[in-house]
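Work through the exercises below with the model open beside you. Each one sets a task and is followed by a solution in steps.

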Amino acid sequence: MLTKTQIRYVLDTITEMFPDAECELNHRNAFDLLIAVVLSAQCTDALVNKVTEDLFKKYHTPEDYLNVSLEELQQDIKSIGLYRNKSKNIQKLARTLIEEHNGEVPPTKAELEKLAGVGRKTANVVASVAFNEPAIAVDTHVERVSKRLGICRWKDSVLEVEKTLMRKIPMDEWSDTHHRLIFFGRYHCKAKTPQCEICPLLDICREGKKRMKNSMS
């Protein structure tokens, strides 16, 4: 496991690598972001952005999503995985926003998690990006990178990864670090082809060293 000093080095290095890392889901406001993050479950941000380009021209408010049939909404997001389930959740959460929150997206993680289709990760992303609440959302990239580097243990659950990162990273850096870890995992330490040979963190990366050793043998 990395020491406190090594974790600081990781944070400083990924800041240099990806100083402008931010949420890549296109959105105009908190409501758009909520819809985009719900759609992004088990799906790439690039595909979601492709779909929301037309979706957000047609739908602007929670009411808009309820003024169409479920079948029509399904048709509008059909190219996204799990589109049937996501359509139902979007209409459910739209109804909850109207009935319980005056049509507005609630700013707290606890309230967000009560919405249909919104899990802990989604709530963290929306609270962090839309409302500047410090949060670390653990997606597939964050989990993979944290475990490869040795900030977290391989056997840690997603929740344990989140709690470990929150404990080891200063709170005022949570949101920025979340985006930088995603960029690091998405564009550098990729799932199948991590760029270990040119990685500035190779010296302290247990997984990278093992991979380099295996590639030489």
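**Exercise 1. Determine the handedness of the crossing of H2 and H6, the relative direction of the two helices, and the residues that form their contact.**

Solution. The crossing of H2 and H6 is right-handed, where a crossing is called right-handed if the near helix is turned clockwise from the far one by less than a right angle, and left-handed if anticlockwise. This is a predicted model, in which local features need pLDDT of at least 70 and side-chain atom pairs count only at pLDDT 80 or more, whereas totals for chains, interfaces and linings use all residues. Residues are numbered from 1 along each chain as its sequence is written, and side-chain values use heavy atoms, with hydrogens and water left out.

Next, identify the elements: H2 covers residues 30-39 and H6 covers residues 83-101, helices being DSSP runs (H or I, at least four residues) and strands likewise (E, at least two), numbered from the N terminus. Their axes come within 10 Å and cross at roughly 150°; the axes are lines fitted to C-alpha atoms, for helices over the stretch in contact, and the angles run from 0 to 180 degrees between N-to-C directions. H2 and H6 are therefore roughly antiparallel to each other, given that angles under 35 degrees count as roughly parallel, over 145 as roughly antiparallel, 65 to 115 as roughly perpendicular and the rest as oblique.

Finally, list the contact (heavy atoms within 4.5 Å): Phe31, Leu34, Ile35, Val38 and Leu39 of H2 meet Lys86, Ile90, Leu93 and Leu97 of H6. By class, this contact of H2 with H6 holds eight nonpolar residues, no polar ones and one charged residue, with Ala, Val, Leu, Ile, Met, Phe, Trp, Tyr, Cys and Pro counted as nonpolar, Asp, Glu, Lys and Arg as charged, and the others, Gly among them, as polar. An α-helix has 3.6 residues a turn, so residues three or four places apart point the same way.

**Exercise 2. Carry out the corresponding analysis for H1 and H11.**

Solution. H1 spans residues 4-17 and H11 spans residues 174-187, and the two pack at an angle of about 70° with their axes 10 Å apart. H1 and H11 are therefore roughly perpendicular to each other, and their crossing is left-handed. On the H1 side the contact is made by Leu11, Ile14, Thr15 and Met17, and on the H11 side by Thr177, Arg180, Leu181 and Phe184. Sorted by class, the contact of H1 with H11 has five nonpolar, two polar and one charged residues.

One further residue of H1 is Arg8, which counts as partly exposed at 31% relative accessibility (buried means under 20% relative accessible area, exposed over 50%, partly exposed in between, with a 1.4 Å probe and protein chains only). Leaving aside residues up to four places away in sequence, Arg8 touches Pro170 and Glu173. Arg8 and Lys168 are 160 residues apart in sequence, yet their C-alpha atoms are 9.3 Å apart in space.

**Exercise 3. Locate Gln42 and Leu82, and decide how accessible each is.**

Solution. Gln42 lies in the loop between H2 and H3 (45-58), and has a positive phi of about 55° although it is not a glycine. With a relative accessible area of 76%, Gln42 is exposed. Leu82 belongs to the loop between H5 (70-76) and H6, and it too is a non-glycine residue with a positive phi, here about 60°. At 48% relative accessibility, Leu82 counts as partly exposed.

**Exercise 4. State how far H9 is covered, and by what.**

Solution. H9 is mostly covered, with eight of its ten residues buried: His141, Val142, Arg144, Val145, Ser146, Lys147, Arg148 and Leu149. What covers these residues includes H1, H10, H11 and H12 (206-216). The loop between H9 (140-149) and H10 (158-168) holds Asp156, which counts as buried at 4% relative accessibility. Not counting residues up to four places away in sequence, Asp156 touches Glu143, Lys147, Val161 and Thr164.
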